[in-house]
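Good morning, everyone, and thank you for coming. Please have a look at the structure while I talk you through a few places in it.

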Amino acid sequence: PAAIITANLIATFLPREANDDPYAALEPLFANHDLVLVEGGVAGPGTKVEVWRQERGTEPIANERGDIAALISDDPVSTGVPVWARHDVAGIADRIRSLMGC
């Protein structure tokens, strides 16, 4: 294991084997929380929200997959899911809580 400690935060890196379920390892750490945001993990369980930037030159994966509930972007985009303004952090937080029933 490894950790990073700052004046306000602690981050821990836990080793795992390739076939280990990372969500099972995280579950006891967040068992008492209503909402946990995981960056990445597009193949994992749970509701997904995509952050998309036009400058990357790729199409949003929300256009290819049916398991993405919303797209976050400040760029013009055509998609079949709601688009939330990337610069509106408070609004995104409210929408995620609403989406998850929190």
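A residue is called buried when its relative accessible area is under 20%, exposed when that area is over 50%, and partly exposed in between, using a 1.4 Å probe and counting protein chains only. This is a predicted model, in which local features need pLDDT of at least 70 and side-chain atom pairs count only at pLDDT 80 or more, while totals for chains, interfaces and linings use all residues. Residues are numbered from 1 along each chain as its sequence is written, and side-chain values use heavy atoms, leaving out hydrogens and water.

Let me begin with the sheet, where strands are DSSP runs of E with at least two residues, numbered from the N terminus, and two strands pair if DSSP finds at least two bridges between them. Three strands form an open sheet in the order β3-β4-β5, with parallel pairing. Because β3 (48–51) and β5 stand at the edges with a single partner strand each, one side of each has no neighbour in the sheet. Between β4 and β5 there are two bridges, and Ile72 stands opposite Trp84 in β5.

Which loop holds Ser73? Ser73 sits in the loop between β4 (68–72) and β5 (83–84), and Ser73 is buried, with a relative accessible area of 4%. Counting contact as heavy atoms within 4.5 Å, and leaving aside residues up to four places away in sequence, Ser73 touches Trp52, Val83, Trp84, Ala85 and Arg86.

Technical notes: Helices (H or I, at least four residues) and strands (E, at least two) are DSSP runs, numbered from the N terminus.
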